Amino acid sequence: MIISKTPYRISFFGGGTDYPVWYRENGGQVLATTIDKYCYISCRYLPPFFDHKYRIVYSKVENVREVCEIHHSAVRATLEFMDVREGLEIHHDGDLPARTGLGSSSSFTVGLLYSLYALKGLMPTNMRLANEAIHIERDILGEHVGSQDQILAACGGFKKISFNGDDKFRVTPVILDRYRLQELQDHIMLVFTGFTRIASKVAKDQVENTCKRRSELAAMGQMVDEALGVLAEGRDVKDFGRLLHESWKLKRSLTDKISNPEIDRIYNTARKAGAIGGKLLGAGGGGFMIFFVEPDRQHQVKQALNGFLHVPFRFDTAGSEIIFHHASYDAAGPIAPIDAYRRRYDEATREPVEATVDVARRSKQYSSEVLSSL
């Protein structure tokens, strides 16, 4: 049994410049952090006693014989990528709902990859997890996704991520003293709009409009360094919130699918109640919003947004990790369940065993042997 724990993320600045259609020509950068809300994936080899070979449990339950029959596209693609042939049982649990702008899809892919590697007795690097998750989502599944979510899920922490034209990236930790970091966290509120969306569909329009929004995307990328300057140079932290407001105005202009009248109403209500700035997280269309609010005015914003869920959170410093690991090993590596059953029986009887364990047949055979000895 393996259990992985992978954080969700909040992106502050530069979102949109992490799409290859932009950074391969112009470069890109984002400022983002992981938070203390997680995706948990448990994974184990499935004992060979069931009609199904793969059991996948998420908002639905799938019991299938072949990997190609799995409906969950990320699970199917990841198992195929990892060349999984043994029976598996996979369970997913998340602290927050999917499709809400927190990078949950990439957290799932990274966490599943890590779990499968751990089940094989291997320890991949964070960079390998990030690159392979990007490959699975973008190249195998053909989704319109950026590159920041997978990197943040794998690496964790408060980071500046820079993207180069050759598809390589550089991850730089944001170093702040604990008082400044605390001050920043204390000003950020996370609010759920109550509706979700499929990010890839929203992002498709943004990708197609990239050539028409060059000035907006360039300005959004430059805001990463401006925001870092606010934090590192000891300027009034409220300038970070004002910059968020300017960034949101640019972001919502990229495509008409990013915002809608309900999102605009929520944002304007929060601003009137005291929020300095904010933004909708993720590709747009729904999910979570963040607001930058002075601590002594947050109660007013909560009252104004009565009926919308406020989710307290803190920044997280760790990326995807294995929090539980229990597997059978021998000198050659991890033992799949069918091999484990073979070896246990062989050691007990010193006789060869067929590959398929037929419990009913063995029980019958054992009964016959006992009767014949009486």
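Helices α3 and α4 cross with a right-handed sense. This comes from a predicted model, as does everything that follows.

**The α3/α4 pair**

Two packed helices are described by the angle between their axes and the distance between the axes. For α3 (residues 104-119) and α4 (residues 126-140), the axes come within 9 Å of each other and cross at roughly 120°. That angle makes α3 oblique to α4, because the range for roughly perpendicular ends at 115 degrees and roughly antiparallel begins only over 145.

On the α3 side, the contact is made by S105, S106, T109, V110, L113, Y114 and Y117. The α4 side supplies R128, L129, E132, A133, I136 and E137. By residue class, the contact of α3 with α4 divides into seven nonpolar, three polar and three charged residues.

**Two loop residues with positive phi**

Most residues other than glycine have a negative phi. R99 is not a glycine, yet its phi is positive, at about 60°. R99 sits in the loop that runs between β5 (88-94) and α3. D167, also not a glycine, has a positive phi of about 70°. The loop holding D167 lies between β6 (158-163) and β7 (169-173).

**Start of helix α8**

R214 belongs to helix α8, which covers residues 214-232. Which residues does R214 touch, leaving aside its neighbours within four places in sequence? The contacts are with W22, E25 and N26. R214 and W22 are 192 residues apart along the chain, and their C-alpha atoms are separated by 8.7 Å.

**Cysteines and accessibility**

How many disulfides does a search of the whole structure find? The search finds zero. Of two cysteines considered here, C43 is buried, because its relative accessibility is 0%, and C68 is exposed, because its relative accessibility is 60%. The cut-offs behind these terms are under 20% for buried and over 50% for exposed, with partly exposed in between.

The table lists relative accessibility for the individual residues discussed above.

| Residue | Relative accessibility | Class |
|---|---|---|
| C43 | 0% | buried |
| C68 | 60% | exposed |
| R99 | 47% | partly exposed |
| D167 | 34% | partly exposed |
| R214 | 35% | partly exposed |

R99, with its positive phi of about 60°, is thus listed as partly exposed at 47%. D167, with a positive phi of about 70°, counts as partly exposed at 34%. R214, in contact with W22, E25 and N26, counts as partly exposed at 35%.

Methods. Residues are numbered from 1 along each chain as its sequence is written. This is a predicted model: local features need pLDDT of at least 70, side-chain atom pairs count only at pLDDT 80 or more; totals for chains, interfaces and linings use all residues. Side-chain values use heavy atoms; hydrogens and water are left out. Axes are lines fitted to C-alpha atoms, for helices over the stretch in contact, and angles run from 0 to 180 degrees between N-to-C directions. Helices (H or I, at least four residues) and strands (E, at least two) are DSSP runs, numbered from the N terminus. Angles under 35 degrees count as roughly parallel, over 145 as roughly antiparallel, 65 to 115 as roughly perpendicular and the rest as oblique. A crossing is left-handed if the near helix is turned anticlockwise from the far one by less than a right angle, and right-handed if clockwise. Contact means heavy atoms within 4.5 Å. Ala, Val, Leu, Ile, Met, Phe, Trp, Tyr, Cys and Pro count as nonpolar, Asp, Glu, Lys and Arg as charged, and the others, Gly among them, as polar. A disulfide is a pair of cysteine sulfur atoms within 2.5 Å. Buried means under 20% relative accessible area, exposed over 50%, partly exposed in between (1.4 Å probe, protein chains only).
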